[in-house]
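Welcome! Please take a moment to look over the sequence and the 3D structure below before reading on.

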Amino acid sequence: MSITLTHYLVLSAILFAIGVYGVLTRRNAIALLMGVELMLNAVNINLVAMNRFLQPDWRIVTGQIFAGFIIVLAAAEAAVGFALVIAIYRNLDRINVDEVNILKW
Amino acid sequence: MTLTELCRSVVQWLGVPAEYRDAATLILLALVDAFILFNFVMLSVLVLIYVFRKLIGFIQARLGPRYTGPRGILQTVADALKLLTKEDIIPLAADKVTFNLAPLIVFLPALLVYVVIPFGDPKSGLQVRDLNIGILYIAAITSVTVIGIVTAGWASGNKWAVLGAMRSGAQLLSYEVPMTLAFLVPVLLAGSLRLSDIVNAQGEWFWQWNAFRLDYLGLTFVAFIVYFICALAETNQTPFDLPEAESELVAGYHVEYSGMKFAIFFLAEFGNTVAISAIATHLFLGGWKAPAPFLPDTGWWSLFWFFVKVSTLVFLIIWIRGTYPRVRIDQVMELGWKFLLPVGLLCVTGVGLIVAIRP
Amino acid sequence: MGEAIAFWILAVLIVAAALGVVTLRNLFHCALCLGLVLFGVAGIFVLNGAEFLAGVQVLIYVVATLVIILFAVMLSENITGERIRVVSYNRPLGLLAALGFLGVMLFLAFSQASFPAHTSSIKDPSLQVLTDVPNNIAAFGTLLLTKFIVPFEFASVFLLVAMIGAIIVARMAE
């Protein structure tokens, strides 16, 4: 069996759906951010697979550059996000996103 | 007959159907390569541990192992047997799955990094895989050790282990940055990330090796020193072995490990030591090349020169270990961020400018 | 043939580890499963000829991001040793939403017989610099520094801002 673009699209769709499930059901801030990382990786798989199958010239790697930028930005977002989680934990002693609501009146 | 032909004939003899033959050959070749590499690394670590103990003994004005076997050669075997027969204790508060998994995560990178390191001339088949991304692969894989150390500390369920693991993780991550900058200097000079290209870009005479080149104003020698110090910090060697010294934090992240799991940590540390020496010789000391063009350096001679250089660096590491005192953790971080990082940036910028300017 | 074996092994690994990330109760185990997912995705990159990106994925995601996650897990649990237990809420609704997403994306993936090919070719003026690159890394680097130089510089400034922000946010209160 030869692997076509559809295989990679299905894999990325499943990974994205698992990430969505993780973000919607987990209330711990760290677990939620891990679901976001899953979604970003699914998008990366998509981009790289499309670059390989739809761009016949191997030298044009636009999809891979796009995926590279996503990796870089995801790392920066993870750094700031987890720094926020640590700061919240230090001040409120809990990281359940439903209970961090001291700004609500 | 080369290894590939041997695997192909074995696959044919096994009667694998025709369309799976290529894949089966690749898989069998990979398994055979992995087996050879694993055995080689284990044997070299065994020899290294004996050499290490004898040398440390001589530096400390004593004789080292003497009684097990003639002149103590079988000491490592005796140590291995002792560690194998020790009771495997898992503390009550430990998380069993991660406790058992952590030594594996520390040990695998020490083995995996040998896949790209050429032990001699790659044309003589002395390199497992000459990856296009050689240096990037090495930088990425050696950094996976941090995950293993942090997991080991956390899984022990012991607050001293957690503190030791966090200190070690902080130290390892801080020294990643200057080490990557020092990696970039030979890459700039060779224009490629492949290890064989980097070695081939160095000249034939020993003053044309990357460490000793004068036409880059000595910046490559500074990069060599930066890489060496960062590699010592990355593998938790003295003077940066605060996270794992027995007298600090009760041996840090591997305090709760006994028997074979501790042996795995130990093996990983020595495997990493040989690996960083090998990488330093390829990047800065001319790899498998002889010091002069009239000396032979093809085939088995390349293996000989490679071992001479790696042994010199390993001797240097052991010498430093026996001579220097330990550095405190805040001094370690200060050295990494405030000294090595600016120096590394200076090296990369300087070498890059000279590479861009010269015709 | 070899690619099929590698793809199926990696796909099973990724999906199993991702399910582990969203269902396990011990937060540290979730983080380690995320590490497995990231390694699997690096393998998929290698399969698609993006070898430089695979190295970058391991170097940035596995080494840097996963260590941030592990440190966050270790710093946000009581140091006396109680492990963080993660509980999932609203499981049926979350499952419904995830399956809805999956349905939409699978429909899009299968609805077209073939996707339109890219229209850019090596003869485009901005891509002509790629004519004699020896391998994937050289192509990536060349394109990054010629056609995509503005996003590259922006990403550098962005990383600097993120680094300063993270340090300030996570600093101990003076």
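What follows is a short tour of this predicted model, chain by chain and contact by contact.

Let's begin with chain A, which has 3 helices and 0 strands. Starting at the N terminus, its elements follow the order α-α-α.

Of the 105 residues in chain A, 57% are buried. Among the contacts in this chain with a separation of 6 or more, 49% involve residues 24 or more positions apart.

## A closer look at Val23(A)

Val23(A) lies in helix H1 of chain A. Is Val23(A) buried or exposed? It counts as buried, because it has 20 C-beta neighbours inside 10 Å, and 20 is the number at which a residue qualifies as buried.

Which residues does Val23(A) touch, leaving aside those up to four places away in sequence? They are Leu32(A), Gly35(A) and Val36(A). For Gly35(A), the C-alpha atom is separated from that of Val23(A) by 5.2 Å, although the two residues are 12 apart along the chain.

Read along the sequence, the pattern is α-α-α-α-α-α. The C-alpha trace of chain C spans about 65 × 50 × 30 Å along its principal axes. Here the radius of gyration is 21 Å, while a compact globule of 174 residues would have a value near 16 Å.

In chain C, 33% of the 174 residues count as buried. When contacts between residues at least 6 apart in sequence are considered, 43% of those in chain C join residues at least 24 apart.

## How the chains meet

Of the 2 pairs of chains in contact, chains A and C share the most contacts. This contact takes 64 residues from chain A and 75 residues from chain C. On the side of chain A that touches chain C, the elements giving two or more residues are helix H1 (5-25), helix H2 (29-54) and helix H3 (62-92) of chain A. H3(A) gives the most to that side, with 21 residues. Sorted by class, the side of chain A that touches chain C has 46 nonpolar, 12 polar and 6 charged residues.

Chain C also meets chain B: 28 residues of chain B are in contact with 24 residues of chain C. The elements of chain B that give two or more residues to this side are helix H2 (21-59), helix H5 (134-142), helix H6 (145-155) and helix H7 (159-190). The residues on the side of chain B that touches chain C divide into 18 nonpolar, 6 polar and 4 charged. And what about chains A and B? Chain A and chain B do not touch, and their nearest C-alpha atoms are 11 Å apart.

## The nonpolar core

The largest nonpolar core has 186 residues, and the ones that touch the most other members are Ile30(A), Tyr227(B), Ala31(C), Leu66(C) and Ile69(C). Helix H3 (residues 51-75) of chain C gives the most to this core, with 18 residues.

Which residues does Ile69(C) touch, not counting those up to four places away in sequence? Ile69(C) touches Ile30(A), Met34(A) and Phe82(A), along with Ala31(C) and Leu34(C).

## Two helices of chain B

Helix H6 of chain B is mostly covered, with 11 of its 11 residues buried. Among the buried residues of H6(B) are Thr145(B), Ile149(B) and Trp154(B). The buried residues of H6(B) pack against helix H4 (96-112), H5 and H7 of chain B, together with helix H2 (27-47) and H3 of chain C. Just after H6(B), Gly157(B) takes a positive phi of about 65 degrees.

Helix H10 (residues 260-284) of chain B has 25 residues. From its first C-alpha to its last, H10(B) reaches 36 Å, close to the 36 Å expected at 1.5 Å a residue. Why is H10(B) described as largely enclosed by the rest of the structure? The reason is that 21 of its 25 residues are buried. Just after H10(B) comes Gly286(B), with a positive phi of about 85 degrees.

Technical notes: Residues are numbered from 1 along each chain as its sequence is written. Chains are lettered from A and ligands numbered from 1 in the order in which they are written. This is a predicted model: local features need pLDDT of at least 70, side-chain atom pairs count only at pLDDT 80 or more; totals for chains, interfaces and linings use all residues. Helices (H or I, at least four residues) and strands (E, at least two) are DSSP runs, numbered from the N terminus. A residue is buried if 20 or more other C-beta atoms lie within 10 Å of its own, exposed if 12 or fewer, and partly exposed in between; C-beta atoms are placed from the backbone. Two residues are in contact if their C-beta atoms, placed from the backbone, lie within 7 Å. Ala, Val, Leu, Ile, Met, Phe, Trp, Tyr, Cys and Pro count as nonpolar, Asp, Glu, Lys and Arg as charged, and the others, Gly among them, as polar. The expected span of a helix is 1.5 Å times one less than its number of residues. A nonpolar core is a set of buried Ala, Val, Leu, Ile, Met, Phe, Trp, Tyr and Cys residues joined through C-beta atoms within 7 Å. The radius of gyration is taken over C-alpha atoms; the globule rule is 2.2 Å times the number of residues to the power 0.38.
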